[in-house]
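Take the chain from its overall numbers down to a single side chain. Keep the sequence and the structure side by side as you read.

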Amino acid sequence: MRLLVTGGAGFIGGAVNLGVLKRAPSLTAITTAEYPTAAKRPAFSALECSKINALGIVSSDWQLGVRLSLRAMFS
């Protein structure tokens, strides 16, 4: 069983790279600090996986997982 994924990407960039979107929409980038929320948010929140990888749990490639899922859904 694979629980983790490797690699990082923004939502839009990932969708364009995987062919889900033909092109990125015109957006204005903002920082986390510029987006008002009631809860405090970290500036960067990628999951750090070294401890669970040390237990022998293998991280999987998220892009491959999405491709396989889309292929299964539409074939």
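A residue counts as buried when its relative accessible area is under 20%, and as exposed when that area is over 50%. By that cut-off, 11% of the 75 residues of this chain are buried. The chain exposes about 6,600 Å². Carbon and sulfur atoms supply 61% of that area.

The model is predicted. How confident is the predictor? The mean pLDDT of the chain is 75. Residues that reach 70 or more make up 72% of the chain. Where pLDDT is low, the predicted coordinates should not be read in detail.

Now the layout. Three helices and two strands make up the set of elements. Along the sequence they follow the pattern β-α-α-β-α. Next, consider the contacts in the chain with a separation of 6 or more. Residues 24 or more positions apart account for 69% of them.

Go next to helix α3, which covers residues 62-74. Its 13 residues reach 18 Å from the first C-alpha to the last. That is close to the 18 Å expected at 1.5 Å a residue. What lies at the start of α3? There, a side-chain oxygen of Asp-61 comes to within 2.9 Å of the backbone nitrogen of Gln-63.

The side chain of Ser-50 makes a polar contact with the side chain of Glu-48, at 2.9 Å.

Definitions and conventions: Residues numbered from 1 in each chain as written. Predicted model: local features only at pLDDT ≥ 70, side-chain atom pairs only at ≥ 80, totals over all residues. Heavy atoms only, no water. Helix = DSSP H or I, 4+ residues; strand = E, 2+ residues; numbered from the N terminus. Buried < 20%, exposed > 50% of the residue type's maximum accessible area, 1.4 Å probe, protein only. Contact = heavy atoms within 4.5 Å. Areas by Shrake-Rupley, 256 points an atom, 1.4 Å probe, with all protein chains shown as cover. Expected span 1.5 Å × (residues − 1). Polar contact = N/O pair within 3.5 Å; in protein donor to acceptor, adjacent residues only side chain to side chain. pLDDT = per-residue confidence, 0-100.
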